[in-house]
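Dear colleague,

Please find below the structure I am handing over to you. My findings follow it.

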Amino acid sequence: MELFGLEIHAWFTIVTVVVMFGLLLKTKLPVEIVFLGGMGALLVSGSLPVKEAISGFSSETVVVIAVMFIVVTGLVHTGVLQWVVKNLLGQPKGYARAITKLMLPVAVLSSLLNNTTVVMLFINVVKMWSKKLGITPSKMLIPLSYAAGLGGVCTIIGSPTNLVIAGFYKEKTGEAVSFFEPLLPGLFCVTVLILSVIAMRRLLPDRKSPEESFESISDYTVELLVPTESKIVGATVSECGLGGINGGRLIEIVRFDKEIISPVLDEEFIFGGDRLIFSGDVSSILELRKSHELVSATQHVYKLDDVDKKRKISTAYVTFTSSLIGKTMEETNYERDHDMVLVAVARSGERIEMSPHEVVLKAGDTLMLEGRRIDKEGMKHDLHFFDSENIANYSVKTIVSTLIMLAMILLAALGVLPLLNACFIAAFAMLLTKCCSISQAERNINWKALMVFAGSICFGKAIEHTGLSQLLAEALLGVCGSDPIVVLTAICLVTTFATEFISNTATSAMFFPIAYNAALTLGCDPMAFCMGLMVAAASSFATPIGSPTHMLVYAPGGYRFVDFVRIGLPMNFIILAANVFIVSLLYL
């Protein structure tokens with residue numbers, strides 16, 4: 001059955017993809033659930049045979065990515081990455097040298113390792129480093145994320161999109177893409193990226209980081225509770241010495257019966273169960289807990305001894321995927337479920353004069369939390385903790401894990417072993433030499449990401465199986481003509497902007513069949529379009545949701561959405577031009 005020249009299964013595939021994109025853009029549904037649902041829809045409708053629908057889970061690409069998680073875990077836990085970060089930056093003179101000194105090593109590391117891991121290791125170092133150089137972190141963190149994203153293009157294992165495209169290419173031609181095949185296009189585009197960042201540095205924002213906002217009277221609020229037996233119960237605000245705090249003030253009292261006192265006068269009495277809302281220097285306010293017998297608590301406390309003395313404070317920012325966005329902490333059971341208390345909220349550039357528990361949370365808000373054992377791993381979907389980086393433990397295993405990684409690269413690059421075999425040997429060696437334990441490896445395998453990669457391969461096959469790729473390739477040629485450079489530019493342009501809003505792995509999987517068929521129709525080397533697609537899929541610069549690394553630097557840099565658009569949009573076109581130029585020069 002056909003409708004407007006397309007079979008019903010082709011139309012169903014189009015509708016499924018559009019619905020998925022809509023769900024990813026407009027809802028907070030987990031990405032892996034959206035992909036799993038889409039795969040199920042294609043399978044149940046008969047649009048894709050069972051064997052092809054589930055082939056992504058047994059794909060060599062997905063297995064390589066899973067095994068690489070174990071290899072990277074070994075490198076992190078033995079301190080290899082931390083040592084590299086610590087010894088790379090130095091003390092350069094001038095912004096141009098600083099950017100080069102930062103972006104080049106990050107790009108190199110990202111070509112061999114997971115770029116999210118690299119960025120997590122560099123964030124705190126860059127923040128401290130930028131202060132020594134007299135540069136705000138916001139001038140450095142976007143370039144850090146850009147270098148990590150595009151640097152992954154330089155090798156097959158540097159980016160999941162490279163592995164997906166290489167997997168499809170091998171399936172079509174029977175030839176494996178060599179380990180360093182993308183090196184020249186990737187290196188050229190990384191060089192252009194660094195030069196462009198230096199040239200357009202005025203477009204980089206000069207923002208205050210969330211840590212700095214905790215030092216500013218205008219950017220945060222702190223909430224403390226008065227125990228029933230506190231020594232200040234029955235005294236006035238003035239008598240307690242709460243009227244004039246060094247670097248802050250008492251802006252609101254919330255009575256135990258929900259009555260709100262604001263503004264707070266000096267003659268106002270303090271009662272047991274009152275919640276005191278302060279605005280000011282966080283360290284000075286938290287000192288009041290000792291001097292005035294106040295506590296951080298979600299429920300009524302009768303005396304100071306009722307609160308666990310072993311509770312510690314941690315800071316975290318609200319991620320873009322957080323279930324807390326659009327809610328107040330008071331509306332949720334989040335504190336009770338995770339056995340911690342919200343102490344303070346900071347929002348860069350915005351004065352918040354209300355109880356932290358009444359603040360409607362936004363992505364990028366910084367929260368100060370107190371608890372005995374805060375489950376950072378259990379909350380990673382909602383919050384990213386500033387103090388969650390791994391602590392290096394240098395030993396002989398640091399050298400061992402480095403040698404294992406180098407051996408893996410050499411075995412794969414020289415063609416001694418297939419990439420999958422080399423990765424398996426490296427992962428087994430990491431476990432055998434105890435560079436990481438089995439439990440550490442298990443915890444660090446991102447099963448949700450693997451689900452997305454498998455789903456991406458499924459949709460790429462659906463586009464091919466239903467004939468959509470051939471039809472879209474022919475339509476593209478009808479619009480762009482028969483000039484390979486024009487067609488390559490069109491494919492890379494659409495891919496670049498698609499990756500700003502959806503998974504770059506999914507984008508590359510969906511566009512590969514179209515690019516491959518277009519290359520065959522034009523009589524060009526398909527490798528040209530594969531290389532162009534690899535770079536284009538990594539060129540998401542204009543939105544913070546375009547890459548996981550952008551989300552990592554968004555809050556620490558104190559950024560706003562428009563900051564990425566301002567420099568990222570021109571960067572998209574610059575890298576697009578560099579991509580088409582170098583790929584055409586090398587392959588067409």
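In this predicted model, helix α15 buries Thr398, Ser401, Ile404, Met405, Met408, Ile409 and Ala412. Viewed down the axis of α15, these buried residues fall within an arc of 130°, so they line one face of the helix. An α-helix has 3.6 residues a turn, so residues three or four places apart point the same way. Val396, Ile399, Leu403 and Leu410 are exposed on the other side of α15.

The helix itself comprises 18 residues, 396–413, and its first and last C-alpha atoms are 26 Å apart, close to the 26 Å expected at 1.5 Å a residue. Glycine 415 follows α15 and has a positive phi, near 75°.

Phenylalanine 180 also deserves a description. This residue is found in the loop between α9 (160–173) and α10 (183–199). With a relative accessible area of 39%, phenylalanine 180 is partly exposed, because that value lies between the limits of 20% for buried and 50% for exposed. Beyond its neighbours within four places in sequence, phenylalanine 180 is in contact with Cys154, Thr155, Ile409 and Ala413. Of these, Ile409 is also among the buried residues of α15. Threonine 155 is 25 residues from phenylalanine 180 along the chain, yet their C-alpha atoms are separated by 5.1 Å.

Lastly, I turn to helix α24, residues 561–587. Its 27 residues should span 39 Å at 1.5 Å a residue, and the end C-alpha atoms are 37 Å apart, which agrees.

With kind regards

Notes: Residues are numbered from 1 along each chain as its sequence is written. This is a predicted model: local features need pLDDT of at least 70, side-chain atom pairs count only at pLDDT 80 or more; totals for chains, interfaces and linings use all residues. Side-chain values use heavy atoms; hydrogens and water are left out. Helices (H or I, at least four residues) and strands (E, at least two) are DSSP runs, numbered from the N terminus. The expected span of a helix is 1.5 Å times one less than its number of residues. Buried means under 20% relative accessible area, exposed over 50%, partly exposed in between (1.4 Å probe, protein chains only). Contact means heavy atoms within 4.5 Å. The arc is that of the directions from the helix axis to the C-beta atoms.
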